[in-house]
Amino acid sequence: MPFSSYLNGKRKDCAELVQALGRYFPYVSILGTDVRSTSVRADKRTTAVQEGRGECGFVVKMNDGRAFFEYSLDDISGDKAALADRIRAAVATDAALSARMIAPGPIDDTPMQQDFLRETDFTDYSDADLLKTCQELVKEMGEKDQRVLNAFAVLQFFTCSKLFVTRNRHLSQHYGWANGHLIVMFGGDKMVQARHTEGADKLSEIISALRAHTASVVDLAEHLTHATPIEPGIYDVITDPSITGLIAHEAFGHGVEMDQFVKDRALAKHCMGQYVASPISNMHDGAAATHSVASYFFDDDGVLAHDTQIIKDGILTAGLSDLASAAQLGAAPTGNGRRDSYKRKAYARMTNTFFEPGKDKLEDMIASVKHGYMLFETNNGMEDPKNWQIQCTAEYGIEIVDGKLTDHYVSPVVMSGFVPDLLKSISMISDQSTVIGSGMCGKGYKEWVRVADGGPHLKVRVKLG
Amino acid sequence: MTNIIELLKKNGGISAWRVSETATKSYELFFVHRQLETVRATDTLDTMVTVYVDHDGCRGDSTFAVSAALTDAEAEEKIDAAVRRAGLVSNPPYALPEGGTLRAELPTNMQDEDPKALGRKIADAVFAADSVPGGSINACEIFLYRDTLHVRNSGGVDKTQVTHRVMIEAIPTFTDEKQSVELYEDYRFTVFDPGKITAEIARKMAEVRDRVIAEKPQTPLKTRVLLRPHEIRGMCEELSWALSYNAVYSHATPFHLGDDLQEGGDGDRLTLTMRGVVEGSEDSAFFDEDGTALTDTCVIDKGVVKNNHGSSRYGQYLNVERPSGIMNCLELNAGTVSEAELKSAPYLECVSLSGLQMDLFSDYIGGEIRLAYWFDGRETRPVTGITMSGKLSDVMKHLRLSRETVVDGAYQGPALLLMPEMTVL
């Protein structure tokens, strides 16, 4: 599927509006977005085929040497001088506030013209194909065990076209991503829910992976009916890649978003060049760091994608910035400026965040635990960049006794504690790594963007409750 | 594009349709410390169209977005595609709400205010609380919205609701020679009262000052835990989700009509009502996304599941005669004990949690506590660095609710909820 024909037809309008606003602002950019999404779902009783979360519109960003100004609108057709006047009037401020604006450094607008394209296979599948696949998956899950009360299969994919125009920069990009979900509602001694999620840029890979997991998700549900609460305490823990990613993302990643540095909201600001994790730990973030759901070519500020090494051999080496925070800190932006949609502000945000693999074998890691738990599947997490306290919830854990996984499941499991204590406790890292591209991340309690996280298995010591 | 409804009427494959438009104008201010970093404004229109196609005794539907820039030909193409998609979907039939016109506006005193002037007044009210030595507001975001929701369908529904709302996100911070700590403040309103804004931020400033001196208490301990309205609302939302028509029809809830959620308990009995409107709440509404008029519905009566609630479609699937419509506001009836009585014995009062974790399936409730007040029977002191957890079923059996009630966002109900015998680590 090619770049949005709608946005393609707006290149001239964007350039003209940049010129019209350029009379008043030294820096003007326009981001045009055309994101289209499809969602196909089936359960035992209902089906749905419809558009998912998408967007189509423009956001104009301006800087007058002091504050940033943004205006979000649906269309930029028509008289550009009149539109420029409307935009200037809309973002004007009360005089008392105009007197207390920031004074950022200069904004880089190095000339660049490039069109980026990553192909998908989404057009190989009709709506009918995808619905039939979902219905087959539901049937397969339902037939595995009569205690399956309901089963859900969901296929979702989006294509993203973005156009970025400044006085010197004309960029476009088009890419896509797909996710698949299996959910089982299971009766028996007690009612439980089990899930399995896949992410890839090819629907063919998603469908194959989901077909391979219909039995395991029902089996997991059966085990969860016997799960008990965990006895709160401090344990040796082996994480699966999902929980490793949760640690990377929630425990640490939010704390190195550099708009938090500007606001003095991040302890990490004072820890650059210091050990914050065990010396065997290496962590990255970046749209160009791996290939997953947040692998774009340029960010919503028109900055090319990076691979940022956040932690090198346990030492904090870099943070993640958007255009505004980098300008205030006098740094080069790292390509992490992201918006919930064209209607929302750009912030410094994570993309694909993960630990590098190590040298240990998973079986050796499990064998090294006298009594502890292996934790699986992210449920949710909450950041605290200022004070580095964490709360990360795993869907379930399996008890390890004398170096062996038992049949004892615990659910749910909440990890909490002080971030550096957790990261410095990393004592083993597996040689296999997986980045999981199915997450959504908010900043505080809003501004949702798609993110990936993951890495290898980690052995840590942490408080579980 | 000429008119999406005219185009829908022209398409012979459509059995019914719904058009939902949300026009949003916003004015937004972003402060770094006291300095203005970004000024934003938006002027957008979201149009979502659902087409319904009846076939083979079933009803299919498909929803799509219409952007302002679509040509007639492009819009017709999208309609055709949605008709084809709806034709693939074979769900049990259901009726759309019929008839009813309404133009309503949530009560507000902000409708005639110039956004720029109002934004400055709100900023002044926020920073008026930034007067504590050692304290500061390190970041503040102010969002002023005017939303106009317009729902129409082929059955004659034509309803409009206008909402003026403000959201303030502020980060009160306190710094001493040893450390710097912060709390998160999310304050929303539909009626502007600068005194209330300053008082709310000042309350948070006082709490963050306590966080800097807070220490981890001796653990583990078993104690009574008090929750404040924000977390009580979270508990109620979890329960209310599990009592929705959709959850029941999809077998996604452990609860059934008639279940006693507090069986064998000796605490206050829960009476929870879904409400369309709670005064002052931005979540208040007169109709839902289908245009269904909202009917306040008691879902839990004295601990027993009395009704389900939710969308017209799933209500019909459960043979509910008059589905309630989708409501976001909650009212929890007052309890039997005073706040003073609840605080007469040792307790841990949660001020700031990372997030209340509640799992109906795993029978779990808990969370990481960033700031709480610990009363050991003799003195009260701020504590931090702890987590609490317990069995949800035990909490339900023995919880106590304060007689005093408050309105907090979409929640109206007791100011305090007591959970007995929680494990704190």
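**Two interfaces in a predicted two-chain model**

For chain B the mean pLDDT is 95, with 100% of residues at 70 or more.

I'll start inside chain A. How many residues of domain 1 of chain A are in contact with domain 2 of chain A? There are 21, and they meet 20 residues of domain 2. Between them, the two domains bury about 1,700 Å², and carbon and sulfur atoms give 61% of that. Which three residues supply more than any other three of the area that domain 1 buries against domain 2 in chain A? They are Leu31(A), Arg53(A) and Phe116(A), with 33%.

The rule finds three salt bridges across the interface of domain 1 and domain 2 of chain A. The side chains of Glu70(A) and Arg339(A) form a salt bridge, at 2.9 Å from N to O.

As for secondary structure, four strands of chain A each give at least two residues to the side of domain 1 that touches domain 2: strand 1 (27-42), strand 3 (55-63), strand 4 (68-73) and strand 5 (112-117). Strand 3 of chain A has the largest share, six residues. By class, that side of domain 1 of chain A comprises 12 nonpolar, four polar and five charged residues.

Next, the interface between the chains. Here 80 residues of chain B are in contact with 79 residues of chain A. The area buried between chain B and chain A is about 6,700 Å², and carbon and sulfur atoms account for 50% of it.

How many salt bridges are there between chain B and chain A? The count is eight. Lys78(B) makes a salt bridge with Glu51(A), where the closest N and O atoms lie 3.0 Å apart. There are also 44 residue pairs in polar contact across the interface of chain B and chain A, again with both residues at pLDDT 80 or more.

On the side of chain B that touches chain A, strand 2 of chain B, residues 35-55, provides the largest share, 12 residues. That side of chain B divides into 35 nonpolar, 26 polar and 19 charged residues.

Note on methods: Residues numbered from 1 in each chain as written. Chains lettered and ligands numbered in written order. Heavy atoms only, no water. Contact = heavy atoms within 4.5 Å. Buried area = accessible area lost by both parts, 1.4 Å probe. Salt bridge = Lys/Arg side-chain N within 4 Å of Asp/Glu carboxyl O. Nonpolar A, V, L, I, M, F, W, Y, C, P; charged D, E, K, R; others polar. pLDDT = per-residue confidence, 0-100. Polar contact = N/O pair within 3.5 Å; in protein donor to acceptor, adjacent residues only side chain to side chain.
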